[in-house]
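Subject: Structure handover

Hi,

Here is the structure for you to look through. My notes come below it.

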Amino acid sequence: MSENVLKKLAGNVKDYMKFETEKPITWCTGCGNFGIQNALKRALALEGIVQKDVLFCFDVGCSGNGADKIEGYTLHGLHGRVISLAAGAALANSDIKVISFGGDGATFSEGPGHLIHAVRSNYPVIFVHHNNENFGLTTGQPSASTRKGVRMNAAPDGVFLEPINTMDFVLSLKPSFVARGFSGDIDYLTEIFRKALRHDGFAYLEVLQTCPTYNRDTPEHWYAERIKHIEDAKNYDSSDIWQARKLMQDIENEIYTGVIFEDKSKVNFLRAIPNRKNAKTVLKDEVKKYSISEFL
Ligand SMILES: Cc1ncc(C[n+]2csc(CCOP(=O)(O)OP(=O)(O)O)c2C)c(N)n1
């Protein structure tokens, strides 16, 4: 990419390039993860967020292997557990942005409890749900978000269960920010990332992601034909939870992306705790060494 093109896309080229890495790529050709990371890096550079101000927390999976593709402070957690790791980091040091990433297997099969309490608690964390509708890294088992009838390596006759409607599920938890993007719509996804970066609280960002190797029934063009932008939905009000839930029922024909719901009145967890309301310091500033010799 030429420097001029990059400048147009990502603003500060130097800041953008610092997130780039020479490490070898392990993702398949055409994997949606390329688009997601590109949009993320562009959004960070456009928002003026530099390496020292951000922590990336990765779950296990193909999405988790993104830990190798971005230069910066990174944590790589256990499968299905990344949200709790990210929440801990964000509460300890609220001076930094904490962005976490996990697949649909991790989020809706292994660790949905962590997601539920993160939404309810409104931790100051961005969570990017890489929804490729299967367990990718372990070579294509159906997950809770795989569409009914889709054929998988581990379900050659097609999945017989109904998928969880992940967006409706999160909306049912009274969230403060819910967005959805598509890995093949990088410019628009960049703008969604920017909005998530500005949100003060738990930002759930689901990215519909193509998986050309293991999810062959819903390829890039399948999504491209169905993806719409929320700005084109008639009389849409993103502060209306029922309108949001209604719109999210359709996962087959008109799949809307953008900021789907936002409740600006919600206060993030750290600022909501009664005994921290007037605190001027952040938790990391309050860490001290205590002698335990008396107890011993
Ligand atoms: C607790 C635990 N359970 C299962 C595994 C095995 N495992 C590693 S990656 C993976 C699939 C990941 O799928 P998903 O979370 O959807 O992410 P993707 O690879 O599709 O990005 C599984 C089952 C594990 N490492 N740890």
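Predicted model: local features only at pLDDT ≥ 70, side-chain atom pairs only at ≥ 80, totals over all residues.

Residues are numbered from 1 along each chain as its sequence is written.

Ligand shell. The ligand is surrounded by 18 residues (C-beta atom, placed from the backbone, within 6 Å of it). The closest are Gly 61, His 79, Gly 103, Gly 105 and Gly 136. Helix H5 (residues 104-110) contributes the most, four residues. Helices (H or I, at least four residues) and strands (E, at least two) are DSSP runs, numbered from the N terminus.

Strand E1. In E1 (residues 54-58), five of five residues are buried (20 or more other C-beta atoms within 10 Å of a residue's own, all placed from the backbone). Val 54, Phe 56 and Phe 58 point one way, Leu 55 and Cys 57 the other. In a regular strand, side chains alternate between the two faces of the sheet. E1 runs parallel to E3 (residues 97-103), with five bridges, and parallel to E2 (residues 73-76), with four. Pairing takes at least two DSSP bridges. Phe 56 has a bridge partner in each: Ile 99 in E3 and Thr 74 in E2.

Met 152. This residue sits in the loop between strand E4 (126-131) and helix H7 (166-171). Met 152 is buried because 22 other C-beta atoms lie within 10 Å. Its C-alpha atom is 10 Å from that of Glu 133, 19 residues apart along the chain.

Best wishes

Conventions:
Buried ≥ 20, exposed ≤ 12 C-beta atoms within 10 Å, placed from the backbone.
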